[in-house]
Amino acid sequence: MSASLRAALGFPLLLSLLLVACGGGGGGDSSGGNSSSASSQPSSSASSSSSSSSSSSSIAWYAYDGSRLPDHAQALDLPDGSHAPFSVSGNTGSYFSITDGSLHLNSINIASAEPLASFANAWPADGSYPKSGSVLFRLAPGTSYTLNRSLDVRLALADSGVAGSQIELRIGKSGDGVQLELWNGATTASKALHTYQLNFTLTSASSGSIAVYVDGSSTPLLTQSGTLRASTSQGDNHIAFGDAHDTTYKSTLDWLIWTRQAYTPAQLSSRLPSGLGTTTGY
């Protein structure tokens, strides 16, 4: 190879070596690496945001969809994915029956039996306050002239081994209205199929506040605060529904759900359990 050719080749080679040493020359690869690194950061942030959003929208529901009798082993869906029955008391006879995926309740022929479906340890019982919860159910009242009421929903909220409070929401027959036991009621909302929401917040074992909403309205139909009704026995902790008094009841219950934290109707919009069917107002 001639000296002139070696000189001609040597300069470009030297220039190339200098560019590589200074980080040049591989521009496409280097730019691609920076682009990959930059895009991975938003991806991580988006993942974190998605996880946070998922967490904030998660509600631990106890859900009864009305498609099985209350004492069926899989009647109630628990927050951990398992199932449990309600405990049924009283002379139930034909009080509970299933038709078209809904629970029908009828005590007209067994008025003194007081049939109830209850689930024990439904609420926290560790003595910590405030304590709150939301109960929702969809109900069509009975219309028979011999009927006195449609449904009672009772919450017993005592802590372990001590006295506590209880709340009872009574749905009257068609046209008779809605009542919180021991307090005045409202003369509206029971004439047709409605979604009821009962919220409570206890500030102590014996006092707190209650609100009842209908069909997702932001304005409560009933409110009450102060000293609450005492539970019937120490440690009494459950949720129950049915005929809590010796009189005649009839209604159709589409579903009943609850959670151990109180939410406003707006906070529950599009956040009820799936598979319930109609959820008017939510």
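Are Glu168 and Arg229 buried or exposed? Both are buried, meaning under 20% relative accessible area, with exposed over 50% and partly exposed in between (1.4 Å probe, protein chains only).

Some ground rules. This is a predicted model, where local features need pLDDT of at least 70, side-chain atom pairs count only at pLDDT 80 or more, and totals for chains, interfaces and linings use all residues. Residues are numbered from 1 along each chain as its sequence is written, and side-chain values use heavy atoms, leaving out hydrogens and water.

Now the salt bridges. The term means a side-chain nitrogen of Lys or Arg within 4 Å of a carboxyl oxygen of Asp or Glu. Searching the whole structure gives 7.

Start at Glu168. Its side chain meets that of Arg229 in a salt bridge, 3.4 Å from N to O. Glu168 sits in strand E10 (residues 165-172) and Arg229 in strand E16 (residues 229-230), so this pair ties together parts 61 residues apart in sequence. Strands here are DSSP runs of at least two residues, labelled E and numbered from the N terminus.

Glu168 also bridges to Arg170, with the closest N and O atoms 3.7 Å apart. Those two residues are buried.

Next, Arg170. Its side chain meets Glu181 in a salt bridge at 2.4 Å, N to O. Glu181 lies in the loop between strand E11 (178-180) and strand E12 (185-186), and Arg170 in strand E10, so the pair links parts 11 residues apart in sequence. Glu181 is buried at 12% relative accessible area. Arg170 is buried at 10%.

Put together, salt bridges with shared partners join Asp152, Arg154, Glu168, Arg170, Glu181 and Arg229 into one network.

Definitions and conventions. Helix = DSSP H or I, 4+ residues; strand = E, 2+ residues; numbered from the N terminus.
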